[in-house]
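Subject: Structure handover

Hello,

Here is the structure you asked about. My notes on it follow below.

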Amino acid sequence: QVQLVESGGGLVQAGGSLRLSCAASGGTFSSYVMGWFRQAPGKEREFVAAIRWWSSGSTDYAASVKGRFAISRDNAKNTVYLQMNSLKPEDTAVYYCAASPRTVALTQGSWGQGTQVTVSS
């Protein structure tokens, strides 16, 4: 059973940076996709970024974060990171890590418990 544990959230001023981590266990991740979603109060959960564990580790980003956020992985630690720069108040949300085998949609995979990110103006 795959388990995901997020860390690194917190309070930061607009323009600042945070790095989120997601440590995965309980699976063999060489053919997994891992990613980040977020949910702001009163809004639906939305996709942020994803990275493929195989090959060159191609990535995808939501348009709203492209150029500001970067997703990366550490194969040895089974950990995915989300580096968030130039943060804006509208980035405030609970950020969730997700993981799924390559044949399964990321939204149908395993989820972490979430970590709060608050950006003050």
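Strands here are DSSP runs (E) of at least two residues, numbered from the N terminus. Phe37 has its place in one of them, strand β4, which covers residues 32–39. Please keep in mind that this is a predicted model.

Phe37

The relative accessible area of Phe37 is 7%. Buried means under 20%, so Phe37 counts as buried. Which residues is Phe37 in contact with, leaving aside its neighbours within four places in sequence? They are Arg45, Glu46, Phe47 and Val48, then Val94, Tyr95, Tyr96 and Ala98, and finally Leu106, Thr107 and Trp111. As for Val2, 35 residues from Phe37 along the chain, the two C-alpha atoms are separated by 17 Å.

The disulfide

The count of disulfides comes to 1. Its partners are Cys22 and Cys97, with 2.0 Å between their sulfur atoms. That distance is within the 2.5 Å cut-off, which is why the pair is counted as a disulfide. Distant parts of the chain are linked in this way: Cys22 belongs to strand β3 (residues 18–25) and Cys97 to strand β9 (residues 93–101), and the two cysteines are 75 residues apart. The link of Cys22 and Cys97 is left-handed, with -80° about the S-S bond.

Are these cysteines buried or exposed? Cys22 has 0% relative accessibility and therefore counts as buried. Cys97 is buried as well, at 0% relative accessibility.

Regards

Conventions
Residues numbered from 1 in each chain as written. Predicted model: local features only at pLDDT ≥ 70, side-chain atom pairs only at ≥ 80, totals over all residues. Heavy atoms only, no water. Helix = DSSP H or I, 4+ residues; strand = E, 2+ residues; numbered from the N terminus. Buried < 20%, exposed > 50% of the residue type's maximum accessible area, 1.4 Å probe, protein only. Contact = heavy atoms within 4.5 Å.
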